[in-house]
Amino acid sequence: MQNSTISDGQIPVSRIFTNGNIRNVSTDNEQFLALKDSIDIIGQQVPITVYADGDNFCVLTGHQRLKALQELGKEYIKVHIVNKPKAKDHSLIQYHENMFKVDMSLFEQANGLRQIADKNPKITYTQLSARFGKNVAWIASRMKL
């Protein structure tokens, strides 16, 4: 399975298309809405993975980020461009991307928030809440650990 990098950068959202996804992109669940809010507040932090197909690019991974940027009316999207995978590997790559994400432990969440607060003494729970798509009570509970 070849999946080496060609280049990275930003391309117009209008040049992106999808060719199937193993996950449903639901735009009304809490996780998607938090992702969309985060992108709206701090911008897209993680590029989507695409491959060139003619003059356009097909999404391999990052369908939810793409949908969030489209709903926000953003013109450009950060991409990681790879060689076009073999048809038999398309779903395999998507499954791998989604299956092996490791969520932060409760300790890592609390420790990470404390590090942010230590380095940014004026940051508020409300600002942290907006940035990470969690309510203030969630932030406060982690900060108390």
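Predicted model: local features only at pLDDT ≥ 70, side-chain atom pairs only at ≥ 80, totals over all residues.
Q: Which pattern of helices and strands does the protein chain follow along the sequence?
A: The protein chain holds six helices and five strands. When these elements are read in sequence order, the pattern that the protein chain follows is β-β-α-β-β-α-β-α-α-α-α.

Q: What share of the residues of the protein chain counts as buried?
A: The C-alpha trace spans about 50 × 30 × 30 Å along its principal axes, and the accessible surface of the protein chain comes to about 9300 Å², with 50% of that area belonging to carbon and sulfur atoms. Buried here stands for a relative accessible area under 20%. Of the 145 residues in the protein chain, the share that counts as buried is 30%.

Q: Which element gives the most residues to the lining of the largest pocket?
A: The largest pocket holds about 1400 Å³ of space, and among its 37 lining residues the closest to the centre are Q31, L35, K101, D103 and F132. Two or more lining residues come from each of α1 (30-42), β4 (56-61), α2 (63-71), α3 (90-99), α4 (106-119) and α5 (125-132). The element that gives the most, with eight residues, is α1.

Q: How many residues of the lining of the largest pocket are charged?
A: Asp, Glu, Lys and Arg are the residue types that count as charged. The lining also includes 13 nonpolar and 15 polar residues, and the number of charged ones is nine.

Methods
Residues numbered from 1 in each chain as written. Heavy atoms only, no water. 1 Å grid on protein atoms, 1.4 Å probe; cavity = no way out; pocket = protein on both sides within 12 Å on 5 of 7 lines; lining within 4 Å. Points joined across faces, edges and corners; volume = space filled by probe spheres on them. Helix = DSSP H or I, 4+ residues; strand = E, 2+ residues; numbered from the N terminus. Buried < 20%, exposed > 50% of the residue type's maximum accessible area, 1.4 Å probe, protein only. Areas by Shrake-Rupley, 256 points an atom, 1.4 Å probe, with all protein chains shown as cover.
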